[in-house]
Amino acid sequence: MKRVVVGIDSSTQSCKVLVLDAVTGAELRSAKVPHPDGTSIDPRIWADALRSAWKQADPGSAGTVIGVGLAAQQHGMVALDSDGEPVYDALLWNDTRSAPEAAAMVQDHGAAFWAHEVGSVPVASFTLTKLAWLARHEPDAAARVHRVVLPHDYLNHVLTGRWFTDRSDASGTAYFHPEVGYHEAVLHEYFGRLPELPEVIEPGTSGGKLLASFGAGEPPVSAGAGDNAAAALGLGMRAGEIAVSIGTSGTVFASVPDRPTADPTGAVAGFADATGGYLPLLAVINSARVMASTAELLGVELPEFDQLASAGDPLAGGLNLMPYFDGERTPNLPDATGSLTGISRASLTRENMARASVLSVMNSLADAARALSEVSVPAQRALLIGGGARSKSLRAVAPDLLGIEVDVLAAGEYVALGAARQAAWAATGELPAFERHIETRLSPSGEAWGTQSRQLYAAERTRLYGV
């Protein structure tokens with residue numbers, strides 16, 4: 001029978017199971033089960049979604065499953081009692097209730113301390129801040145905590161019955177340094193004690209065998225990864241490339257083999273990647289959903305919204321939208337709201353409103369790309385991925401606002417693909433090279449509007465938010 005690998009992506013929105021040919025990476029079967037919306041969730045819902053998606057994909061019917069890998073949303077706090085049951089809902093990366101705890105951590109020790117000790121300066125997304133919130137606001141629940149894991153770790157246990165994680169996901173907690181390991185002192189300081197933590201295993205290794213209840217034999221389950229590290233693995237990222245992922249949230253990251261990042265400004269998170277290297281990354285909370293919200297306001301579906309944005313004035317007639325609809329992580333503005341300026345009778349048209357929305361999303365990501373280049377390797381090419389990359393109007397502005405060539409990659413489940421590549425690595429001892437599919441390559445036009453848009457956006461951001 002054909003040898004197959006399974007890659008799983010448990011994201012904020014859904015659980016996806018991808019069954020691939022272990023040699024070519026060709027997709028054979030897939031399934032997706034949605035997760036409920038929100039910023040907190042009972043983690044047992046993830047387990048149910050994983051089992052349901054696995055059953056629908058039925059990997060064993062495609063061939064002999066030789067390996068399984070799982071990636072998931074980073075940072076989420078899963079706090080468990082001694083029986084492995086949640087003491088509180090899992091707080092997700094996009095839950096900002098712990099912003100005061102994050103600010104207190106930076107005030108206590110200074111940003112440089114955190115950048116040096118754990119690779120990243122705490123913001124509300126990070127697990128340590130959520131544990132500090134739990135200890136402060138829900139002391140009875142905190143007292144029952146026996147074990148703390150991440151979403152990916154929790155689901156690894158569902159697959160294997162064992163607790164393990166990897167460097168990439170652990171590096172998003174603010175209590176793990178990619179080169180040193182767990183930082184027990186900060187857990188003692190901000191949670192009050194040291195809970196049980198999952199073993200951190202090396203990339204390319206297995207944390208356990210798939211439980212028989214999944215009905216696909218007992219293939220090895222790989223270390224897994226945080227979602228962005230898995231995406232980098234799925235993309236097969238090369239030197240000089242950055243990934244710009246545009247989904248519900250947005251991320252900009254690079255895979256660097258031998259250069260850890262410690263950015264004392266806190267803008268760039270110094271994460272690990274899924275190969276033994278490093279993954280400097282910036283994340284923005286507001287991305288494609290800014291365009292979706294604007295389309296809803298205008299009473300159009302996204303294809304018509306795209307047409308409106310493409311027909312608008314290059315600079316949106318002077319309209320300038322700040323896209324911080326739900327607070328923001330980069331820049332660190334957890335309590336911010338969005339702003340629309342430059343309104344006049346002439347500028348306030350449907351076309352300009354749509355154009356301003358697109359420019360705001362891409363300018364926000366361009367800010368992140370610039371910050372990444374300042375502390376890591378300068379980018380020569382961007383890989384555009386995610387649902388928002390389907391937008392023709394966004395594609396059109398990306399090269400001019402980023403200032404570099406842009407490859408728009410074919411739509412794909414790159415997180416699940418990366419998890420599947422890692423599964424094959426753990427099963428065979430070799431990391432397979434799956435083919436990358438480029439849909440189109442775009443270059444900056446050199447026209448003045450791109451530079452002008454960047455300047456206008458930066459000026460308004462500084463004027464309104466002081467950053």
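# Close-up views of a predicted model

View 1. At 3% relative accessibility, His75 counts as buried (buried means under 20% relative accessible area, exposed over 50% and partly exposed in between, with a 1.4 Å probe and protein chains only). His75 is found in the loop between strand S5 (64–72) and strand S6 (78–80), where helices (H or I, at least four residues) and strands (E, at least two) are DSSP runs numbered from the N terminus. Phi of His75 is near 75°, a positive value in a residue that is not glycine. This is a predicted model, in which local features need pLDDT of at least 70 and side-chain atom pairs count only at pLDDT 80 or more, while totals for chains, interfaces and linings use all residues. Residues are numbered from 1 along each chain as its sequence is written, and side-chain values use heavy atoms, with hydrogens and water left out.

View 2. Most residues other than glycine have a negative phi, and most peptide bonds are trans. Ala174, which is not a glycine, has a positive phi of about 75°, and this residue lies in the loop between helix H7 (167–170) and strand S10 (176–177). With 1% relative accessibility, Ala174 counts as buried. The peptide bond from Thr330 to Pro331 is cis, with omega near 0°, and Pro331 has its place in the loop between strand S20 (320–322) and strand S21 (339–341).

**View 3. Ser14 in strand S2.** Ser14 belongs to strand S2 (residues 14–21) and, at 5% relative accessibility, counts as buried. The side chains of Ser14 and Lys16 are joined by a polar contact of 3.3 Å (a pair of N or O atoms within 3.5 Å; within protein, one must be able to donate a hydrogen and the other to accept it, and residues adjacent in sequence count only if both atoms are side-chain atoms). When neighbours within four places in sequence are left aside, Ser14 is in contact (heavy atoms within 4.5 Å) with Asp9, Lys32, Val33, Pro34 and His35.

**View 4. The open sheet and its strand S16.** Seven strands make an open sheet in the order S18-S19-S17-S16-S22-S23-S24, with mixed pairing; two strands pair if DSSP finds at least two bridges between them. Its edge strands, each pairing on one side only, are strand S18 (269–272) and strand S24 (438–442). Neighbouring strands of this sheet are turned by 25° against each other on average, direction ignored. Strand S16 (residues 241–246) runs parallel to strand S22 (residues 381–385) and is joined to it by five bridges, with Arg381 of S22 as the bridge partner of Glu241. S16 also pairs with strand S17 (residues 250–253) in the antiparallel sense over four bridges; these two strands form a hairpin with three residues between them, and Ala243 stands opposite Phe253 in S17. In a regular strand the side chains alternate between the two faces of the sheet. Both faces of S16 are covered, with Glu241, Ala243 and Ser245 buried on one side and Ile242, Val244 and Ile246 buried on the other. Six of the six residues of S16 are buried, so this strand is largely enclosed by the rest of the structure.

**View 5. Leu383 in strand S22.** Leu383 has its place in strand S22 and is buried, with a relative accessible area of 0%. Apart from neighbours within four places in sequence, Leu383 is in contact with several residues, among them Leu235, Met237, Ala243, Val244, Leu409 and Arg436.

**View 6. The largest nonpolar core and helix H14.** A nonpolar core is a set of buried Ala, Val, Leu, Ile, Met, Phe, Trp, Tyr and Cys residues joined through side-chain atoms within 4.5 Å. The largest such core has 59 residues, of which Val5, Leu128, Leu134, Tyr175, Leu235 and Phe253 touch the most other members. Helix H14 (residues 414–428) gives the most to this core, with eight residues. In H14, 13 of the 15 residues are buried, so the helix is largely enclosed by the rest of the structure. Just after H14, Gly429 takes a positive phi of about 85°.

**View 7. Asn228 in helix H9.** Asn228 lies in helix H9 (residues 227–235) and is buried, with a relative accessible area of 11%. Beyond neighbours within four places in sequence, Asn228 is in contact with Gln74, Thr251, Phe253, Leu279 and Leu281.

Conventions. Axes are lines fitted to C-alpha atoms, for helices over the stretch in contact, and angles run from 0 to 180 degrees between N-to-C directions.
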